[in-house]
Amino acid sequence: MMTKLLEHPLYKGDLAYAAGLALPWDRLRGKKILITGASGLIGSFFIDVLMKQNREKNLCCKIYALGRGQAVGKERFAEYWDSPYFVFLPHDINLPLDGKVDEEFAYIFHLASNTHPVVYAQHPISTVTTNILGTEHLLNYAACHGAGRFVFASSNEIYGENRGDAEFFDEAYCGYLDCNTLRAGYPESKRCGEALCQAYRQEKGIDVVIPRFTRSYGPTMRIMDTKAVSQFIRNGVKGEDIVLKSEGKQYYSYTYAADAVAGLLHVMFEGESGEAYNIADSRSDIALKDLAGVIAEVCGTKVVFELPDTVERAGYSTATKARLDGTKIRRLGWEMKYDIPAGIERTIQILRSTMR
């Protein structure tokens, strides 16, 4: 029997962890919040946390969830659909918000983005425009409607390839990027999105903070996500072998969804205006082949090697080591709760009960 995500005891535990953080939640009382990418891995968990706080702390915080698909939104947020504190706005953020909404938001979160390799390769234009045009549309809206704080979700991808001079990337690091490639559309547009935020902060006085996410995973992942960790998890949940399409030497930082949103909340409430923050902890750094091994062990399957096809190869990152330094966000009080084994175990258990 399939269990609804919100009914799963482990997912309830994740929500309780994030909602129980010692943060100034009362700042949200009676406020309005706009969230793009509402149905995504980060956005959907974030909304679940906020709606939990509405229910249990009577925050009366109204959430405007923006996403492309009305049907997808209604299925994912069915529990909130008729709530007076939840509004789903079907909209393509590549288009201006004119006429779509006319509210003064305490917070605007730009969490929408193409975030996996096949989409990079098949839809490179929208990958770029969502991070640039979409960001500009939202920043313009914030400037014209007096928004309180703008939160731009950035990525570990902005650091580019390790130049061989750093074991960990702090927020000032800038590695190599070959901009004359299809794959560069994602990291270059994220860099440009950050630059737009700084420009609007200087010229229009927008209060901006920038959380930089690592490779995130968890039970809110989209079923068709083609990131390596998502494919590994999906195969494992289905009882299939874990397919590794390289030697697996890539050494990356990862973050479980609940920890990623906990980091987002710390940056949202406590981050200094104009600053970027890596949401990362070295306890979740792991080589790709070892990650595949952890998932295979949890699922009782094995790791097999397979060459990627042309579309997959075009969307893959060429970075071989991308470990992020989380010192700065720890100063805000954030601590990672789930390391790789714990996060993978929770993800697998939840998805086994909830995935169709």
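How many aromatic pairs does a search of the whole structure find? The search finds 17. The model is predicted. The exercises below start from these ring pairs.

**Exercise 1. Classify the pair formed by Tyr 80 and Phe 86.**

Step 1. Take the distance. The ring centres lie 5.9 Å apart. Pairing requires centres within 6.5 Å, so the two rings pair.

Step 2. Take the angle. The planes of Tyr 80 and Phe 86 make 55°. Stacked needs under 30 degrees and edge-to-face over 60. The pair is therefore tilted.

Step 3. Check the surroundings. Both Tyr 80 and Phe 86 are buried.

Step 4. Widen the view. Ring pairs join Tyr 80 and Phe 86 with Phe 77, Trp 81 and Phe 88 in a cluster.

**Exercise 2. Find which parts of the chain are linked by the pair of Phe 105 and Tyr 141.**

Step 1. Describe the pair. Phe 105 and Tyr 141 are tilted, 5.9 Å centre to centre, with 40° between the planes.

Step 2. Place each residue. Phe 105 is in the loop between strand S3 (86–90) and strand S4 (107–110). Tyr 141 belongs to helix H5 (residues 124–145).

Step 3. Decide: buried or exposed? Phe 105 has 1% relative accessibility, so Phe 105 counts as buried. Tyr 141 is buried too, because its relative accessible area is 5% and the limit is under 20%.

**Exercise 3. Describe helix H5 from its length to its end.**

Step 1. Compare spans. H5 has 22 residues and reaches 31 Å from first C-alpha to last. That is close to the 32 Å expected at 1.5 Å a residue.

Step 2. Look for a bend. H5 has a kink of about 40°, centred on Thr 130.

Step 3. List buried positions. Among them are Thr 130, Gly 134, His 137, Leu 138 and Tyr 141. An α-helix has 3.6 residues a turn, so residues three or four places apart point the same way.

Step 4. Look past the end. Gly 146 follows H5, and its phi is positive, near 65°.

**Exercise 4. Which rings have the charged ends of Arg 215 and Lys 337 over them?**

Step 1. Start with Arg 215. Its charged end sits over the ring of Tyr 252, 3.5 Å from the centre.

Step 2. Turn to Lys 337. Its charged end sits over the ring of Tyr 17, 5.5 Å from the centre.

How values were computed
Residues are numbered from 1 along each chain as its sequence is written. This is a predicted model: local features need pLDDT of at least 70, side-chain atom pairs count only at pLDDT 80 or more; totals for chains, interfaces and linings use all residues. Side-chain values use heavy atoms; hydrogens and water are left out. Rings of Phe, Tyr and Trp (its six-membered ring) pair if their centres lie within 6.5 Å; planes under 30 degrees apart count as stacked, over 60 as edge-to-face and the rest as tilted. Buried means under 20% relative accessible area, exposed over 50%, partly exposed in between (1.4 Å probe, protein chains only). Helices (H or I, at least four residues) and strands (E, at least two) are DSSP runs, numbered from the N terminus. A charge sits over a ring if NZ of Lys or CZ of Arg is within 6 Å of the ring centre and within 35 degrees of the ring normal. The expected span of a helix is 1.5 Å times one less than its number of residues. The bend at a residue is the angle between axes fitted to the seven residues ending there and the seven starting there.
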